[in-house]
Amino acid sequence: MRQIFSFLKFFKGSHRIPKISDSKWCSLIPLCGPVKIKTIGLHWNLDKNSMLEFGKFISSSNEFDQNNNTVMVDVDEKPVLFSTEFHL
């Protein structure tokens, strides 16, 4: 079984990600300064007032909620990097 790391760049708007059954973790990292973000379907969801910013708060060790099959990420302005792992 090979371990694969996946990286997605999300721009402004809503994004839907199907849950990867064997993935344990995910992260959301701001790329171009502070960004407001909202998530649904993660163990530690972020509400619309959550601000990701280096030196203050980044979501580097979140998990998929086992009760949801989809993760929704709503990005306010600047791009965000979503990363996770899965196995082939």
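Which strand is joined to E3 by 2 bridges, and do the two run parallel or antiparallel? In this predicted model, the partner is strand E6, residues 59–62, and the two strands run antiparallel. Within this pairing, Cys-26 stands opposite Asn-62 of E6. Strand E3 also pairs with strand E8, residues 80–87, in the antiparallel sense and over 5 bridges, with Pro-30 placed opposite Val-80 of E8.

Strand E3, which comprises residues 26–30, is mostly covered, 5 of its 5 residues being buried. In a regular strand the side chains alternate between the two faces of the sheet. In E3, Cys-26, Leu-28 and Pro-30 point one way, whereas Ser-27 and Ile-29 point the other way, and all of these residues are buried. For the chain as a whole, 34% of the 88 residues count as buried.

The chain contains 8 strands and 0 helices, and its elements accordingly read β-β-β-β-β-β-β-β along the sequence. Of the contacts with a separation of 6 or more, 74% are accounted for by residues 24 or more positions apart.

The radius of gyration of the chain is 12 Å, which agrees with the value near 12 Å that a compact globule of 88 residues would have, and the C-alpha trace spans about 35 × 25 × 20 Å along its principal axes. The accessible surface amounts to about 5,400 Å², and carbon and sulfur atoms contribute 54% of it. The chain carries 11 positive and 9 negative side chains, the centres of the two sets lying 4 Å apart.

Conventions:
Residues numbered from 1 in each chain as written. Predicted model: local features only at pLDDT ≥ 70, side-chain atom pairs only at ≥ 80, totals over all residues. Heavy atoms only, no water. Helix = DSSP H or I, 4+ residues; strand = E, 2+ residues; numbered from the N terminus. Rg over C-alpha atoms; globule rule 2.2 N^0.38 Å. Buried < 20%, exposed > 50% of the residue type's maximum accessible area, 1.4 Å probe, protein only. Contact = heavy atoms within 4.5 Å. Areas by Shrake-Rupley, 256 points an atom, 1.4 Å probe, with all protein chains shown as cover. Lys, Arg positive; Asp, Glu negative; His and termini not counted. Charge placed at Lys NZ, Arg CZ, Asp CG, Glu CD. Pairing = 2+ DSSP bridges.
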